[in-house]
Amino acid sequence: MRLSMNTRYAVIHASFWGAYGSLWAFIALVLEYNGFASAQVGVVTSCATLLSVFLSPAVSSFLDARPGLENRHGAMALLSLAAALCLLAWLVPLPRPFVLGACFALIGAFLSSTPPFQNAMAMDANRCGIPVVYGFCRGVGSVSYAAAVLLLGFVLERHAPTLLLPIFAALTACGSTAAPTPTAEPVQTAEPTPEATPEPTAE
C-alpha cells in the first residue's frame, strides 16, 4: 500500500527527531563513557555547531548547482553519513579523544544541518500541488523526540550508552527510506473550444 505524502513526511520527522533525541540528547553521557572530560565534551559539541554553520550552505550550493538533485537528496545524504559514522564509532575502536571526538562532531554537524532540507521538502511538495500539513508532521517529530528521550532514559539505567549508537543508526535509516519524491502529475486542462459562430440566415 502506497503511503500518502503526509504520512511519509510524518515518518521522516518522527524518525529524525527520535534519532536526534536518542543520541544527541545523551551525547555528554556517551562521550564521558568513552573517557572524555567535561571540557572535551564541550569542545566536541561546540565544533559540531560551528561545522553546521558552514555545512548547510555548502550542501545547498551543491544541490543548486545540480538540477537533478533535490532537497530530499541533501537530507538523505546527511543522515546516511551520520548513520555511517555512528556505526563506525560503535564497531571500530577509534583513537580517542581526537579521532572519536571528530567523528561525533561530524555526526552532530550532519544532524544540525538536516532540518532545513526537511523543511524545504514540504515546500517542494506544496509547489508540486501536493498539500503537506507541516505543523502536524513537525508535531509528530516533537512527540517522537520526547518519547525517545523518556524511554531511553530508563534503558540507560541498565545498559551502557553504547547501545544508543545502533538505535540512532536504525532510526536514521528509517527516515532515509521514507523520503518521498514530491512530484505530481501535470494537470491536464481542457483546451478552450472555439465558440460556434451562428450560420448566416437567409433574409
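Student: Is the crossing of helix 4 and helix 6 left-handed or right-handed?
Tutor: The crossing is left-handed, meaning that the near helix is turned anticlockwise from the far one by less than a right angle. This is a predicted model, in which local features need pLDDT of at least 70, side-chain atom pairs count only at pLDDT 80 or more, and totals for chains, interfaces and linings use all residues. Residues are numbered from 1 along each chain as its sequence is written, and side-chain values use heavy atoms, with hydrogens and water left out.

Student: How do the axes of helix 4 and helix 6 run?
Tutor: Their axes, lines fitted to C-alpha atoms over the stretch in contact, come within 8 Å and cross at roughly 155°. That makes helix 4 roughly antiparallel to helix 6, a term for angles over 145 degrees on a scale from 0 to 180.

Student: And which residues meet there?
Tutor: N71, R72, A75, L78 and L79 of helix 4 meet F117, Q118, A120, M121 and D124 of helix 6, where contact means heavy atoms within 4.5 Å. By class, this contact has 6 nonpolar, 2 polar and 2 charged residues.

Student: Switching to L81, where does it lie?
Tutor: L81 lies in helix 4, which covers residues 71-91.

Student: How exposed is L81?
Tutor: L81 is partly exposed, with a relative accessible area of 43%; partly exposed falls between buried, under 20%, and exposed, over 50%, using a 1.4 Å probe and protein chains only.

Student: What does F168 touch?
Tutor: Leaving out residues up to four places away in sequence, F168 touches A19, S22, L23, A82, A83, C86, I107 and L111.

Technical notes
Helices (H or I, at least four residues) and strands (E, at least two) are DSSP runs, numbered from the N terminus. Angles under 35 degrees count as roughly parallel, over 145 as roughly antiparallel, 65 to 115 as roughly perpendicular and the rest as oblique. Ala, Val, Leu, Ile, Met, Phe, Trp, Tyr, Cys and Pro count as nonpolar, Asp, Glu, Lys and Arg as charged, and the others, Gly among them, as polar.
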